[in-house]
Amino acid sequence: MTKPAPRKVVVTDANVLINFLNVGRLDLLTNLPGFAFVVPDHVDAEILREDQRSVLDRSYDEGKLQRQALTDLEGIEIFAE
């Protein structure tokens with residue numbers, strides 16, 4: 001049995017998501033080999049347009065993106081940097 005290749009976790013911000021959603025190419029992120037994209041819950045809350053929300057929710061449902069609550073102080077500090 002082969003081990004899956006290690007993946008780098010990338011925490012996204014709203015600007016990145018909105019830009020890819022605006023051009024209809026969120027797949028450019030979600031199909032990158034070797035990367036896993038995580039969307040903090042406060043970033044998720046910034047996606048307000050219904051069409052963008054639909055695409056984003058579908059990406060969560062399909063496991064292409066992961067929504068994550070960011071609650072610990074260390075994680076918030078890292079994201080802020």
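Student: In what order do the elements of the protein run from the N terminus on?

Tutor: In this predicted model, the elements follow the order β-α-α-β-α-α-β-α when read from the N terminus, and the secondary structure comes to five helices and three strands.

Student: What makes α1 roughly perpendicular to α4?

Tutor: The axes of helix α1, residues 14-22, and helix α4, residues 50-61, cross at roughly 105 degrees and come within 10 Å. Angles of 65 to 115 degrees count as roughly perpendicular, and therefore α1 is described as roughly perpendicular to α4.

Student: Which residues in α1 and α4 meet?

Tutor: From α1 the residues are Leu17, Ile18, Leu21 and Asn22, and in α4 they meet Gln52, Val55 and Leu56. Sorted by class, this contact of α1 with α4 has five nonpolar residues, two polar ones and no charged ones.

Student: Why is Val55 called partly exposed?

Tutor: Val55, which is found in helix α4, has a relative accessibility of 28%. A residue counts as buried under 20% and as exposed over 50%, with partly exposed in between, so at 28% Val55 belongs to the partly exposed residues.

Student: What does Val55 touch, leaving out residues up to four places away in sequence?

Tutor: With those residues not counted, Val55 touches Leu21 and Leu26. Val55 and Gly24 are 31 residues apart along the chain, while their C-alpha atoms are separated by 8.9 Å.

Student: What makes a group of residues a nonpolar core, and which residues are in the largest one?

Tutor: The residues must be buried, must come from a set that includes Ala, Val, Leu, Ile, Phe and Tyr, and must be joined through side-chain atoms within 4.5 Å. The largest nonpolar core has twelve residues, among them Ala14, Leu29, Phe37, Val39, Ile47 and Tyr60. Two or more residues are given to this core by each of α1, β2 (35-40) and α4, and the largest share, three residues, comes from α1. In soluble globular proteins, nonpolar side chains tend to be buried together.

Student: Which residues does Leu29 touch, not counting those up to four places away in sequence?

Tutor: Leu29 touches Val16, Phe20 and Phe37 on that count, and both Leu29 and Phe37 are listed in the largest nonpolar core.

Student: How many of the contacts in the protein with a separation of 6 or more join residues 24 or more positions apart?

Tutor: Such residues account for 73% of those contacts. As for burial, buried residues make up 27% of the 81 residues in the protein.

Notes:
Residues are numbered from 1 along each chain as its sequence is written. This is a predicted model: local features need pLDDT of at least 70, side-chain atom pairs count only at pLDDT 80 or more; totals for chains, interfaces and linings use all residues. Side-chain values use heavy atoms; hydrogens and water are left out. Helices (H or I, at least four residues) and strands (E, at least two) are DSSP runs, numbered from the N terminus. Buried means under 20% relative accessible area, exposed over 50%, partly exposed in between (1.4 Å probe, protein chains only). Contact means heavy atoms within 4.5 Å. Axes are lines fitted to C-alpha atoms, for helices over the stretch in contact, and angles run from 0 to 180 degrees between N-to-C directions. Angles under 35 degrees count as roughly parallel, over 145 as roughly antiparallel, 65 to 115 as roughly perpendicular and the rest as oblique. Ala, Val, Leu, Ile, Met, Phe, Trp, Tyr, Cys and Pro count as nonpolar, Asp, Glu, Lys and Arg as charged, and the others, Gly among them, as polar.
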